[in-house]
Amino acid sequence: MLRDGAESPAKTGWPEVVTLAASGAALILAVPQDSLPYVVHWGADPGPQTDTGLHALAVSAIPPRATNGVDTPVVVSILPEGRTGWAGTPGVSGHRSGTSWSPWLRPQRVDVSTIPGEGGHVEIVAADAVAGLEVGLRVEMLETGLVRMQAGVTNTGTGTYTVDAVSLALPVPTRADDLWDFAGRWSKEKVVQRRPFTVGSHVREGRHGRTGADAATLLMAGTADLGFAGGEAWGLHVAFSGNHRVIGERAHSGERLLLGGELLLPGEVELRTGETYETPKIFAVYGAGLDDVASRLHRYLRARPHHPRSPRPVVMNVWEAVYFEHDVEQLVELAALAADVGVERFVLDDGWFGGRRDETSGLGDWVVSSEVWGEGRFRVLVDAVKNRGMQFGLWFEPEMISLDSEIARAHPEWILQVPGRMPVEFRRQQVLDLTHPGAFEHVRDQILALVHEYGIDYIKWDHNRDLIDAGSTLTGRAGVHRQTLATYRLLDAIRSKAPGLEIESCSSGGARIDLEIIDHTDRVWASDCIDAHERQQIQRWTAQLLPPELVGSHIGADRAHTTGRRLDLDFRAATALFGHFGVEWDLRATTAADRAELAAWVSFYKRMRPLIHTGTVVRRDAEQGDLWLHGAVSPDQREALYAVTLRERHVTWPSGRVQLPGLRRDLTYRVQAAGPGSDAPPDERVHPSWWGHGIELSGAVLGDVGVHVPALDPDHSALLHVEATYR
């Protein structure tokens with residue numbers, strides 16, 4: 001179907017040109033008659049163009065013929081093709097016993113639907129009859145300006161077609177001189193990396209069988225001046241929780257591409273006649289600054305019909321309070337203390353089931369341990385929690401199995417393995433093959449039995465090992481691809497039978513954070529490290545993908561279990577505030593004064609969560625990055641909450657005035673110190689003169705000039721609440 005008002009390509013000799021535009025971003029595609037679509041423009045919306053102008057733009061996007069190159073200009077499509085002379089990464093890589101390895105995919109059907117200012121889609125079915133391949137390609141622009149792409153490869157020929165890789169690509173302009181992505185490890189996730197976009201391929205592969213603590217997450221090409229508030233960024237994300245690959249590729253001929261797709265292990269996808277391989281969804285986002293990129297992703301997630309709408313309850317997780325030492329009397333005491341400080345959801349972690357007294361045994365036996373919880377003691381705990389007005393949550397690791405377990409002894413064939421050997425142990429556990437119908441049903445039925453018997457409201461769904469030598473005993477083949485899809489099916493099957501159940505995706509902390517797992521769960525656990533100093537960085541950059549209401553953020557003990565660092569409660573609480581707030585602290589070891597202060601922070605979170613969980617995230621650096629600002633600005637820009645944090649001692653002190661971004665320039669705002677203890681008399685040696693009574697300034701002044709903030713010590717924060725002086 002042609003775009004409204006366009007002339008037929010057959011009449012003009014030019015390709016059809018389609019503009020998909022929304023929220024100030026645009027993707028302009030040329031759709032030739034004899035090849036796959038190519039991108040004419042991706043970036044800021046240039047505004048309406050005439051048909052003649054669009055056709056001229058499409059022609060202008062075709063580069064000159066390269067010196068000492070092929071005799072026709074090389075135009076790189078969304079699914080790059082080697083047969084055009086493109087010498088970079090191909091879109092489809094595969095073969096039919098060594099043949100059909102370089103297809104020429106010609107469009108057979110094209111469907112275009114556009115809504116001015118609200119995006120639209122282009123769907124193409126292309127085929128190569130000689131190679132026996134058909135490819136379906138869908139490119140959408142969503143209302144937030146996000147681009148979402150997906151491809152399906154179908155074997156229409158005889159014999160088996162092996163799919164090695166399918167990579168979707170978008171070009172970025174030559175002013176995108178830098179590449180940004182993330183690195184990390186357990187308890188040190190989301191470490192930002194920046195490097196020049198040099199000639200060659202910057203390849204980030206995830207081979208963990210899960211997204212990975214070191215995942216690139218969002219590969220971005222940016223201008224040299226890219227920051228939170230300015231510059232330009234073009235980003236790509238593979239929405240898949242298994243093996244994946246993203247590439248920033250700069251060719252000698254000048255093209256700069258971002259590519260992404262699933263990373264398939266040898267022989268993982270072999271298509272018989274009529275079978276189709278469907279890629280993960282690939283999300284691409286353009287933004288005028290890092291905050292704009294994040295905002296588009298956050299608005300997309302918040303617009304989903306299944307996005308959590310109820311206030312995100314204050315969570316108490318007992319892992320760092322008791323570890324494997326489960327005792328009903330102590331846990332009931334902990335539940336009572338949790339309720340007293342205002343906790344709304346109490347979660348019992350690892351160690352409640354089967355023979356699980358430590359990390360060496362029991363995984364897969366999802367039945368309440370009679371050794372620990374006999375004589376109805378588990379019901380006693382559940383009732384103690386619910387009678388105090390709290391929800392009850394329970395930890396599972398459904399995709400894993402201990403060799404020392406009843407289920408492993410009964411069904412060793414349910415363990416992912418290479419024939420003839422067991423994979424190396426990882427945290428003393430192996431992986432349960434969820435593609436095996438018996439294993440899938442075992443986990444589903446045992447979890448649902450507990451959910452229904454005890455009225456469980458919430459599951460912390462953990463995943464604590466990489467998928468190494470993850471072969472299926474059903475097929476003998478590598479099994480990460482099918483295992484990942486089976487996990488999604490299992491999550492959906494459980495939620496369909498327990499519609500009110502909420503599920504957290506935890507994977508050794510933040511090792512499974514992506515846009516597909518979040519479509520099957522309700523929040524992620526950003527990191528097993530709840531040291532607030534480390535969490536400042538982890539949460540700051542997790543926010544590049546996810547809004548705060550989807551990111552678990554807890555207050556730990558004064559001495560962090562993972563780092564040994566000691567931090568004040570005010571700083572730990574102010575850090576946890578900008579997420580889905582919770583507590584992971586043995587309240588039995590606290591003083592009455594500690595609990596009173598904690599209760600005040602819980603109460604403050606409950607007042608602020610409507611703003612934090614709907615507001616636009618804003619971030620800034622000051623004092624050469626030693627001072628960080630993080631804020632949430634309400635959708636109508638009439639209210640905001642900012643945290644100013646000193647991360648490191650700066651060479652000069654005190655800091656200069658701190659700008660407060662995101663406000664309407666034409667409104668007057670009252671700025672006040674916020675948070676528990678903010679009403680205490682200010683210390684004139686530390687606080688600015690306005691701190692005790694507030695100050696009124698315009699949004700223009702607050703955004704351009706700013707205000708002085710307290711002279712903070714490292715690892716301390718000050719909160720500022722800003723509200724328009726009239727409604």
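**Which strands does helix α2 (residues 51-60) lie across, and at what angle does α2 run to β1?**
Helix α2 lies across β1, β2 and β3 and runs at about 100° to β1. Angles run from 0 to 180 degrees between N-to-C directions, and axes are lines fitted to C-alpha atoms, for helices over the stretch in contact. Helices (H or I, at least four residues) and strands (E, at least two) are DSSP runs, numbered from the N terminus. This is a predicted model: local features need pLDDT of at least 70, side-chain atom pairs count only at pLDDT 80 or more, and totals for chains, interfaces and linings use all residues. Residues are numbered from 1 along each chain as its sequence is written, and side-chain values use heavy atoms, with hydrogens and water left out.

**View 1. The open sheet β1-β2-β3.**
This sheet has 3 strands, in the order β1-β2-β3, with antiparallel pairing. Two strands pair if DSSP finds at least two bridges between them. β1 (16-22) and β3 (38-44) are the edge strands; each has a single partner strand, so one side of each has no neighbour in the sheet. From one strand to the next, the twist averages 10°. Strand β2 (residues 25-31) is joined to β3 by 6 bridges, and the two run antiparallel. Opposite Leu-27 stands Trp-42 in β3.

**View 2. The open sheet β10-β17-β16-β13.**
Here 4 strands follow the order β10-β17-β16-β13, again with antiparallel pairing. The edges are β10 (168-171) and β13 (200-206), each pairing on one side only. The twist averages 15° from one strand to the next. Strand β17 (residues 256-262) is joined to β10 by 4 bridges, and they run antiparallel. Leu-168 has Gly-260 in β17 as its bridge partner. Strands of a sheet pair through backbone hydrogen bonds, either parallel or antiparallel.

**View 3. Helices α9 and α10.**
Helix α9 (residues 437-454) packs against helix α10 (residues 480-497) at an angle of about 30°, with the axes 10 Å apart. The two are therefore roughly parallel to each other. Angles under 35 degrees count as roughly parallel, over 145 as roughly antiparallel, 65 to 115 as roughly perpendicular and the rest as oblique. α9 passes α10 in a right-handed crossing. A crossing is left-handed if the near helix is turned anticlockwise from the far one by less than a right angle, and right-handed if clockwise. From α9, Phe-440, Val-443, Arg-444, Ile-447, Leu-448 and His-452 meet Ala-486, Arg-489, Leu-490, Ala-493, Ile-494 and Lys-497 of α10. The residues of this contact divide into 8 nonpolar, 1 polar and 3 charged. Contact means heavy atoms within 4.5 Å. Ala, Val, Leu, Ile, Met, Phe, Trp, Tyr, Cys and Pro count as nonpolar, Asp, Glu, Lys and Arg as charged, and the others, Gly among them, as polar.

**View 4. Helices α11 and α12.**
The axes of helix α11 (residues 532-542) and helix α12 (residues 569-576) cross at roughly 20° and come within 9 Å. That makes α11 roughly parallel to α12. The crossing of α11 past α12 is left-handed. Ala-532, His-533, Arg-535, Gln-536 and Gln-539 in α11 meet Phe-571, Arg-572 and Thr-575 in α12. By class, this contact has 2 nonpolar, 4 polar and 2 charged residues.

**View 5. Backbone details in two loops.**
The peptide bond from Trp-653 to Pro-654 is cis, with omega near 5°. Pro-654 sits in the loop between β33 (639-646) and β34 (668-674). Arg-427 is not a glycine, yet has a positive phi of about 60°. Arg-427 lies in the loop between α8 (406-410) and β25 (430-431). Most residues other than glycine have a negative phi, and most peptide bonds are trans.

**View 6. Confidence and residues 1-13.**
The chain averages a pLDDT of 95, and 98% of the residues score at least 70. pLDDT is the predictor's confidence in each residue, from 0 to 100. Over residues 1-13 pLDDT stays under 50; the model has 23 contacts beyond four places in sequence for them. Where pLDDT is low, the predicted coordinates should not be read in detail.
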